[in-house]
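Keep the viewer open and follow along.

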Amino acid sequence: ANTVEEKKFSLKEVLDTFSLCLSENKEVYIEHYVEGWRGLVRFMNSLGSVFSFISKDAVNKIEILANLLNGENGTHYITIQSMVKYELDSGLVDLTQRDKHPESGCRTLLRLHRALRWLELFLERLRTSSEDSKTSVMCSEAYNESLAQHHGWIIRKASGMAFCYLPGRPTFFEVMNVGTPEEVVAMLGEALPIISDVYNITENVYTQHELLQLP
Ligand code: 1PZ
């Protein structure tokens with residue numbers, strides 16, 4: 001019998017982590033948000049080393065948030081809502097240019113938040129794709145609609161090159177380790193509304209506080 005340690009990593013478990021993010025009154029727990037990202041990075045690393053420049057940046061941001069959560073002011077970092085209130089009230093956010101607080105929780109989480117939109121768009125394309133659809137095309141379309149708008153041309157070029165190394169749809173589905181293609185599609189159908197929820201709630205908080213363009 002498989003022990004927990006031997007059990008192969010499944011993308012379902014990662015996406016399930018995001019369902020733990022939402023509190024009863026629709027606040028987003030940073031602990032689970034960070035945990036969800038850790039799982040996505042593990043998944044991305046299993047796709048090959050061409051993606052390591054991407055996962056390095058993601059890991060860096062994940063650790064900044066984890067350190068804030070585990071630091072002396074950690075109680076203010078329980079949810080995205082409490083983080084935003086605390087950092088704004090305490091003047092801990094650079095609003096117009098990176099200066100005194102280059103690694104604020106707000107600006108750091110915003111980068112992952114934008115990437116979560118990419119993930120939502122990409123997974124939705126995967127979910128509705130046909131057998132001969134190209135993952136690299138789905139990935140770059142999702143990227144162009146989301147993250148690319150926030151990246152300079154060097155990063156856009158490097159990303160575009162990395163996308164070409166994505167495995168094809170059949171292999172991609174296998175690496176997800178969820179089951180048959182039908183089961184993958186069903187799993188995505190359940191996971192996507194949760195990811196959208198987390199994304200939309202975060203987006204609203206950032207919109208309300210005019211934080212969507214943080215440098
Ligand atoms: C499965 C294939 C993976 C495709 C991932 C698509 C996203 C490509 C993004 C590439 C950007 C990486 C290089 C670092 C860029 C940073 O400059 C920016 C802005 O941060 P700043 O410079 O302002 O501090 N970082 C980001 O935009 C965060 C990117 C996180 C990407 C995580 C992708 C996770 C994918 C999960 C796979 C299932």
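Does Leu192 count as buried, exposed or partly exposed, and how many C-beta neighbours lie inside 10 Å? Leu192 counts as partly exposed because 17 C-beta neighbours lie inside 10 Å. A residue is called buried with 20 or more other C-beta atoms within 10 Å of its own, exposed with 12 or fewer, and partly exposed in between, the C-beta atoms being placed from the backbone.

A word on ground rules. This is a predicted model, in which local features need pLDDT of at least 70 and side-chain atom pairs count only at pLDDT 80 or more, while totals for chains, interfaces and linings use all residues. Residues are numbered from 1 along each chain as its sequence is written.

**Overall build**

The protein has 9 helices and 0 strands, where helices (H or I, at least four residues) and strands (E, at least two) are DSSP runs numbered from the N terminus. Its radius of gyration is 18 Å, close to the 17 Å from the globule rule for 215 residues, so the protein is as compact as a globular protein of that length. That radius is taken over C-alpha atoms, and the globule rule is 2.2 Å times the number of residues to the power 0.38. Along the principal axes, the C-alpha atoms fill a box of roughly 50 × 45 × 25 Å. Buried residues account for 31% of the 215 residues. Of the contacts between residues at least 6 apart in sequence, 65% join residues at least 24 apart; a contact needs two C-beta atoms, placed from the backbone, within 7 Å.

**Around the ligand**

The ligand is surrounded by 20 residues, and the closest are Leu40, Met44, Asp57, Ala58 and Ala115. Being near here asks for a C-beta atom, placed from the backbone, within 6 Å of the molecule. Helices H2, H3, H5, H6 and H7 each supply at least two residues of this shell, and H5 gives the most, with 5 residues. By class, the shell holds 16 nonpolar, 1 polar and 3 charged residues. Ala, Val, Leu, Ile, Met, Phe, Trp, Tyr, Cys and Pro count as nonpolar, Asp, Glu, Lys and Arg as charged, and the others, Gly among them, as polar.

**A helix pair**

Helix H1 (residues 11–19) packs against helix H9 (residues 181–208) at an angle of about 35°, with axes 9 Å apart. On the H1 side the contact is made by Lys12, Leu15, Phe18 and Ser19, and on the H9 side by Met187, Ala191, Ile194, Ile195 and Val198. These residues divide into 7 nonpolar, 1 polar and 1 charged.

**Individual residues**

Leu192 is found in helix H9. Beyond its neighbours within four places in sequence, Leu192 is in contact with Glu120, Leu123, Glu124 and Arg127. Leu192 and Leu123 are 69 residues apart in sequence, yet 7.5 Å apart from C-alpha to C-alpha. Ile64 sits in helix H3, and its contacts, again leaving aside neighbours within four places, are Glu103 and Thr108.

Phi is near 60° for Lys26 and near 50° for Glu210.

The table lists C-beta neighbour counts.

| Residue | Other C-beta atoms within 10 Å | Class |
|---|---|---|
| Ile64 | 19 atoms | partly exposed |
| Glu210 | 9 atoms | exposed |

Key
Axes are lines fitted to C-alpha atoms, for helices over the stretch in contact, and angles run from 0 to 180 degrees between N-to-C directions.
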